[in-house]
Amino acid sequence: MKIPVVKQILNANDQVAADNRALFDQLGVFVVNLMASPGAGKTSVILATTARLPKNVRPGVIEGDLASTIDADTIAARNIPVVQINTGGNCHLDAPMIRSALANLSLDAIDLLFIENVGNLVCPAEFKLGANLAVVIASAPEGHDKPYKYPGMFAVADAVLLNKADLLQVFDFDVDYFRRGIEMVNPDAPLFPLSCRTGAGVDAWVSWLLERYAEFAKERKQSAVM
Amino acid sequence: MHELAVTENILQIALDAAQKNGARRITAIHLVIGELSSIVDDSVQFYFDLLSKGTLAENATLHFQRVPSVAVCLDCAHQFDAHAPLEPRCPQCGGARLQIRGGREFFIESIEVA
């Protein structure tokens, strides 16, 4: 006998992600899920971005890593609230891990929460966390073929950052080819070439992010009035 | 790489559905997976055989229905099957403005029970 089921395979994770999102919304926390290969510059992007936030947008960070607290220590040295998740070899963060980590973070003191996912261009794309934005970071040394090889990751991005853009020439990186690859699976995601090392291009990305944050804050204010 | 987590979810959903219907045994599970969903069939089956031991789903067969994703050329409207790594140019007109549609499916369609 055949029984129809028709249920998303990651339904259990999606449910917890929706709960996470409801909690973030309630507390007015805007959440960004940063995904990239190892070494693309996720931590550097967090540091460069948080350094440019206005005083009234208070950052917080959840660091996902297989092991170690190297990245969390770097963030903490800047006096930014941070909690480390060690996945113990797991290749991605999932929504229940985020829910557990929240117990160790004062969300009341955070407006913009960055989640640094595990360095990997495959698995994190499949697992929703409850974030408002998914941001994919690529970098010049990885080469311009990444959107063609990992379309699933670039398809879920709300924005793509191209880090280490000061090295584009060194690596013969064809930005137009890269951009067309993203547009194949995701015509709407803006692309921000930038360099965390020189600071070039970072302001454009931060302005865009702050616009998204302002929209979120405004909508929340309006729904509170109603 | 995330096949273990995926397989745990597949097993749980199948067991829930079987119990709800008072089934004694699950003989097959039908999955619908888009071409761009990164999952390796053999790896899921491998984990499934391990995880399902001693459950209603032991020895069940997994069927993967792969849903193709389609590339559409925005210049000449030619359509062709797309899979990673994506073809950067239209094979018909050489145009580089392509759009990928579909292929993100990732669900359990049905189970067969005894």
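1. Burial in this note follows relative accessible area: a residue is buried under 20%, exposed over 50% and partly exposed in between, with a 1.4 Å probe and protein chains only. By that criterion A:Leu162 is buried, at a relative accessible area of 0%. The model is predicted, so local features need pLDDT of at least 70, side-chain atom pairs count only at pLDDT 80 or more, and totals for chains, interfaces and linings use all residues. Residues are numbered from 1 along each chain as its sequence is written, chains are lettered from A and ligands numbered from 1 in the order in which they are written, and side-chain values use heavy atoms, with hydrogens and water left out.

2. Strand 7 of chain A holds A:Leu162; helices (H or I, at least four residues) and strands (E, at least two) are DSSP runs numbered from the N terminus. Contact here means heavy atoms within 4.5 Å. Not counting residues up to four places away in sequence, A:Leu162 touches A:Ala138, A:Ser139, A:Ala140, A:Leu168, A:Phe173, A:Val175, A:Phe178, A:Leu191, A:Phe192, A:Pro193 and A:Leu194.

3. With 0% relative accessibility, A:Ala159 counts as buried. The partners of A:Ala159, leaving aside neighbours within four places in sequence, are A:Ala134, A:Val135, A:Val136, A:Ala189, A:Pro190, A:Phe192 and A:Trp208. Between the C-alpha atoms of A:Ala159 and A:Ile137 the separation is 8.6 Å, for residues 22 apart along the chain.

4. A:Asn33 is buried, with a relative accessible area of 6%. Its side chain makes a polar contact with the side chain of A:Asn117 at 3.2 Å. Such a contact is a pair of N or O atoms within 3.5 Å; within protein, one must be able to donate a hydrogen and the other to accept it, and residues adjacent in sequence count only if both atoms are side-chain atoms. Beyond four places in sequence, A:Asn33 touches A:Ile115, A:Asn117, A:Leu129, A:Ala131, A:Leu133, A:Ala134 and A:Val135.

5. Two packed helices are described by the angle between their axes and the distance between the axes. In chain A, the axes of helix 1 (residues 11–27) and helix 4 (residues 95–102) come within 8 Å and cross at roughly 35 degrees. The contact involves A:Asn13, A:Val16, A:Ala17, A:Asn20, A:Leu23 and A:Phe24 of helix 1, together with A:Ala95, A:Pro96, A:Ile98, A:Arg99 and A:Leu102 of helix 4. By class, eight of these residues are nonpolar, two polar and one charged. Nonpolar covers Ala, Val, Leu, Ile, Met, Phe, Trp, Tyr, Cys and Pro, charged covers Asp, Glu, Lys and Arg, and the others, Gly among them, are polar. Axes are lines fitted to C-alpha atoms, for helices over the stretch in contact, and angles run from 0 to 180 degrees between N-to-C directions.

6. A:Ser68, not a glycine, has a positive phi of about 80 degrees. The loop between strand 3 (59–65) and helix 3 (70–76) contains A:Ser68, which is partly exposed at a relative accessible area of 32%. A:Asp172, also not a glycine, has a positive phi of about 50 degrees. A:Asp172 lies in the loop between strand 7 (159–163) and helix 7 (175–185) and counts as exposed, at 63% relative accessibility.

7. In chain B, a cis peptide bond joins B:Ala84 and B:Pro85, with omega at about -5 degrees. B:Pro85 belongs to the loop between strand 4 (79–82) and strand 5 (98–101).

8. B:Ala71 sits in strand 3 (residues 69–73) of chain B and is buried, with a relative accessible area of 1%. Not counting residues up to four places away in sequence, B:Ala71 touches B:His78, B:Gln79, B:Phe80, B:Ala82, B:Gln99 and B:Ile100.

9. Over all chains the structure holds ten aromatic pairs. One of them, B:Phe46 with B:Tyr47, is edge-to-face, at 5.6 Å centre to centre and 65 degrees between the planes. Rings of Phe, Tyr and Trp (its six-membered ring) pair if their centres lie within 6.5 Å; planes under 30 degrees apart count as stacked, over 60 as edge-to-face and the rest as tilted. In chain A, ring pairs link A:Phe30, A:Tyr213 and A:Phe216 into a cluster.
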